Amino acid sequence: MKTEREFFSSSAMPWRAGPQPGTSEKILSRDELDPEILTRLVRWEPGLDTSPSGLIRHEWVEEVYLLEGSLHDLTLDETFSAGHFAARPPSMPHGPYRTSEGCVMLEIRYRP
């Protein structure tokens, strides 16, 4: 279960290097017993291209809301911008992605 936290300012939190080169993150909440389960802000640097990693799949439910910038899905050949939302069940293939201007997203992960 994620740790209880009452309202706090995410703008006061520093960005730290994300697990994917070219990304940074702010972990807003995390399940300490299952660290893949989290809520975070993720920032993708302009020019990031995840195509060398291929399709993305994972074991958790993922919900993503784009807050700033845009993200181009190379498989769908479609660009998504601020205000777009995705909900992905476990093992759903998605990506790879490229962003020319960079983007910031809210990502929420949980287990079914």
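**Strands, turns and a pocket in a predicted model**

Aspartate 77 lies in the loop between strand S4 (61–73) and strand S5 (78–81). Strands here are DSSP runs of type E with at least two residues, and helices are runs of H or I with at least four; both are numbered from the N terminus. The model is predicted, so local features need pLDDT of at least 70 and side-chain atom pairs count only at pLDDT 80 or more, while totals for chains, interfaces and linings use all residues. Residues are numbered from 1 along each chain as its sequence is written, and side-chain values use heavy atoms, with hydrogens and water left out.

Aspartate 77 is not a glycine, yet its phi is positive, at about 50°. This residue is exposed, with a relative accessible area of 60%. Exposed means over 50% relative accessible area, buried means under 20%, and partly exposed lies in between (1.4 Å probe, protein chains only). Serine 91 also has a positive phi, near 75°, and is likewise a residue other than glycine. Its place is the loop between S6 and S7. Serine 91 counts as partly exposed, at 46% relative accessibility. Proline 96 is found in the loop between strand S6 (85–88) and strand S7 (97–98). The peptide bond that leads from glycine 95 to proline 96 is cis, with omega near -5°.

Strand pairing was examined next. Two strands pair if DSSP finds at least two bridges between them. Strand S1 (residues 16–17) is joined to S2 by 2 bridges, and the two run antiparallel. In this pairing, arginine 16 stands opposite glutamate 25 in S2. S1 and S2 form a hairpin with 5 residues between them. Glycine 22, in the turn, has a positive phi of about 90°. S2 also pairs with strand S3 (residues 34–44): 8 bridges join them, and they run antiparallel. Here serine 24 stands opposite arginine 43 in S3. This hairpin has 2 residues between its strands. Strand S2 (residues 23–31) is mostly covered, with 8 of its 9 residues buried.

Contact means heavy atoms within 4.5 Å. Leaving aside neighbours within four places in sequence, threonine 39 is in contact with residues including Lys2, Ile27, Leu28 and Ile108. Leucine 41 is also in strand S3. Its relative accessible area is 12%, so leucine 41 is buried. Residues up to four places away in sequence not counted, leucine 41 touches Trp15, Leu67 and Met105, among others. Leucine 41 and valine 104 are 63 residues apart in sequence, but their C-alpha atoms are 6.9 Å apart in space.

The largest pocket holds about 820 Å³ of space. Of the 39 residues that line it, the closest to its centre are Ile56, Glu62, Arg88, His94 and Tyr97. A pocket is an open set of points on a 1 Å grid over the protein atoms alone, with protein on both sides within 12 Å along at least five of seven lines; a 1.4 Å probe fits at each point, and lining residues have an atom within 4 Å of a point. The volume is the space filled by probe spheres set on the points. S2, S3, S4, S6 and strand S8 (103–110) each supply at least two lining residues. The largest share, 6 residues, comes from S3. The lining divides into 20 nonpolar, 9 polar and 10 charged residues. Ala, Val, Leu, Ile, Met, Phe, Trp, Tyr, Cys and Pro count as nonpolar, Asp, Glu, Lys and Arg as charged, and the others, Gly among them, as polar.
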